[in-house]
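I set out to record what I looked up in this structure, entry by entry. The entries follow below.

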Amino acid sequence: MIYLDNAATSFPKPEAVYQELDRFARRSLANPGRAGHRMAMAAEKMLDDVRHALNQFFRGEAPDRWIFTLNCTDALNMAIKGIVQEGDHVVLTDLEHNSISRPIRALEKAGKITSTRVVSRDGYVAAEDVAAAITPKTTLVAMTHASNVLGTVQPIAAVAQAVRAAGALFLVDAAQSAGVVPIDLKATPIDLLALPGHKGLYGPTGTGALYVGPRVDGRIRAWREGGTGGDSSSELQPTLRPYFLEGGSPNVLGLAGLGKGIAWVAERGPDALRKHEVGLLQQVVDWAGRSEGWRVAGRWDPETHVGALSLFTPDGLPPQDLAAILDVTFDIAVRPGLHCAPYIHRNLGSFPDGLLRLSPSPFTTSDEIAQFLGALSEITAGVA
Ligand SMILES: Cc1ncc(COP(=O)(O)O)c(C=O)c1O
């Protein structure tokens with residue numbers, strides 16, 4: 001299969017990740033515990049190593065500020081539900097994935113908070129528009145770093161400055177940027193960074209992380225409480241980071257794999273990985289430019305793009321049908337529809353059918369993209 005659905009989860013993983021999953025599962029798959037037996041302590045040490053790796057890669061303040069989560073959705077929920085209080089105002093944008101939109105909308109519908117959704121233009125949100133949406137009641141600005149529909153990278157450094165100046169907290173959804181766009185937490189005032197381990201960092205599914213910066217201290221509530229492998233006599237969740245936010249047995253196996261994924265990405269560098277993917281997308285953009293009925297969604301700028309791109313399809317060829325034909329007849333995996341981000345599709349005029357999204361990876365070749373485009377041409381010719 002030609003797998004062009006890496007924005008959902010990356011496949012394949014680097015060989016080192018598969019090897020570590022096998023090795024760890026056979027030899028070290030114990031439940032971590034700070035005062036436990038050697039295997040438990042070894043598992044704890046592995047978690048610690050991965051926290052260090054994340055902290056180094058994203059230049060955070062300290063390894064214990066990295067909270068392991070199940071995925072990016074889990075991290076975003078932990079941040080939003082842990083921070084927002086009754087009476088607060090929250091700013092978000094029309095590019096958001098439902099993992100930001102739904103928790104905020106649910107709080108709003110329950111009458112607890114108010115929110116403002118900033119509108120993007122051509123796939124980009126302007127920092128001035130976010131700044132203008134902030135009110136004295138705004139406690140949180142939550143936005144995606146790169147659109148999962150359009151692949152456009154947002155000006156989060158400028159937004160971060162505006163949010164900091166206004167005194168609110170800034171939550172960044174790095175689902176599509178972690179591993180391909182450098183993020184420097186020392187240089188950019190991001191308070192909460194949510195990321196999946198299973199996309200651009202090449203860990204398995206079931207991995208993710210939330211970075212909690214110093215301004216969050218004392219303000220975030222644990223939304224999941226339980227055993228932490230230590231301080232068992234305490235009636236309440238121990239306040240020590242990272243355990244405060246990490247109740248329950250962690251996904252040690254997945255995180256062992258994630259450690260190898262981060263090392264693989266760090267060795268190559270996010271820029272090189274992004275450029276490879278964007279180079280492949282350029283082939284698609286050029287093809288769409290000379291093919292009738294096909295149109296790239298959002299403004300194409302290879303300098304501010306990650307490896308995801310959506311296409312408007314010719315009349316009479318709904319994205320769902322195209323994706324099914326690509327899958328069954330051509331053995332090509334893409335993602336049609338709304339991509340869990342309905343508001344941007346309303347903005348683009350592609351609601352409710354959505355668009356056809358492809359998302360290559362560092363393992364995708366130019367020849368595979370040529371096969372994909374050949375398949376699209378063939379399908380289109382068959383319908384014309
Ligand atoms: C922009 C964005 N945010 C959040 C998520 C949710 O990530 P996860 O699948 O890790 O829960 C996704 C998933 O595709 C995404 O693209």
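Entry 1, helix H11. Before checking the helix length I noted the definition: the expected span of a helix is 1.5 Å times one less than its number of residues. I also noted that this is a predicted model. Helix H11 covers residues 366-383, which is 18 residues. From its first C-alpha to its last I found 26 Å, close to the 26 Å expected.

I then asked which residues of H11 are buried. They are Ile369, Phe372, Leu373, Ala375, Leu376, Ile379 and Thr380. These residues lie on the same side of H11, because they cover an arc of only 150° around the axis. I recalled that an α-helix has 3.6 residues a turn, so residues three or four places apart point the same way. On the other side of H11, I found Glu378, Ala381 and Gly382 exposed.

I repeated the length check on helix H1, residues 15-27. At 1.5 Å a residue its 13 residues should span 18 Å, and the end C-alpha atoms are 18 Å apart, so the two values agree. In H1, I found Val17, Glu20, Leu21 and Phe24 buried. They share one side of H1, because their arc around the axis is only 105°. The face turned away from that buried side carries Glu15, Arg26 and Arg27, which are exposed. The buried residues of H1 pack against helix H2 (38-58) and helix H7 (252-268).

I asked how many residues surround the ligand. There are 14, and the closest are Thr73, Asp173, Gln176, His198 and Lys199. I looked up polar side-chain atoms facing ligand oxygen atoms for three of these residues. Thr73 places one 2.5 Å from an oxygen atom of the ligand. For Lys199 the distance to a ligand oxygen atom is 2.6 Å, and for His198 the value is 2.7 Å. The ligand taken alone exposes 390 Å², of which the protein buries 89%.

I noted a cis peptide bond joining Phe11 and Pro12, with omega about -5°. Pro12 lies in the loop between strand S1 (2-3) and H1. I also noted that the bond from Arg241 to Pro242 is cis, with omega near -5°. Pro242 is placed in the loop between strand S8 (208-212) and H7.

I recorded a phi of about 55° for His339, which is positive although His339 is not a glycine. Its place is the loop between strand S12 (335-337) and helix H10 (342-348). Cys340, also a residue other than glycine, has a positive phi near 55°. Cys340 lies in the loop between S12 and H10.

Are these two residues buried or exposed? His339 is buried, with a relative accessible area of 7%, where buried means under 20%. Cys340 is partly exposed, because its relative accessible area of 44% falls between the 20% and 50% limits.

Definitions and conventions:
Residues are numbered from 1 along each chain as its sequence is written. This is a predicted model: local features need pLDDT of at least 70, side-chain atom pairs count only at pLDDT 80 or more; totals for chains, interfaces and linings use all residues. Side-chain values use heavy atoms; hydrogens and water are left out. Helices (H or I, at least four residues) and strands (E, at least two) are DSSP runs, numbered from the N terminus. Buried means under 20% relative accessible area, exposed over 50%, partly exposed in between (1.4 Å probe, protein chains only). The arc is that of the directions from the helix axis to the C-beta atoms. Contact means heavy atoms within 4.5 Å. A residue is near a molecule or strand if one of its heavy atoms lies within 4 Å of it. A polar contact is a pair of N or O atoms within 3.5 Å; within protein, one must be able to donate a hydrogen and the other to accept it, and residues adjacent in sequence count only if both atoms are side-chain atoms. Accessible areas come from the Shrake-Rupley method with a 1.4 Å probe; for residues, only the protein chains shown count as cover.
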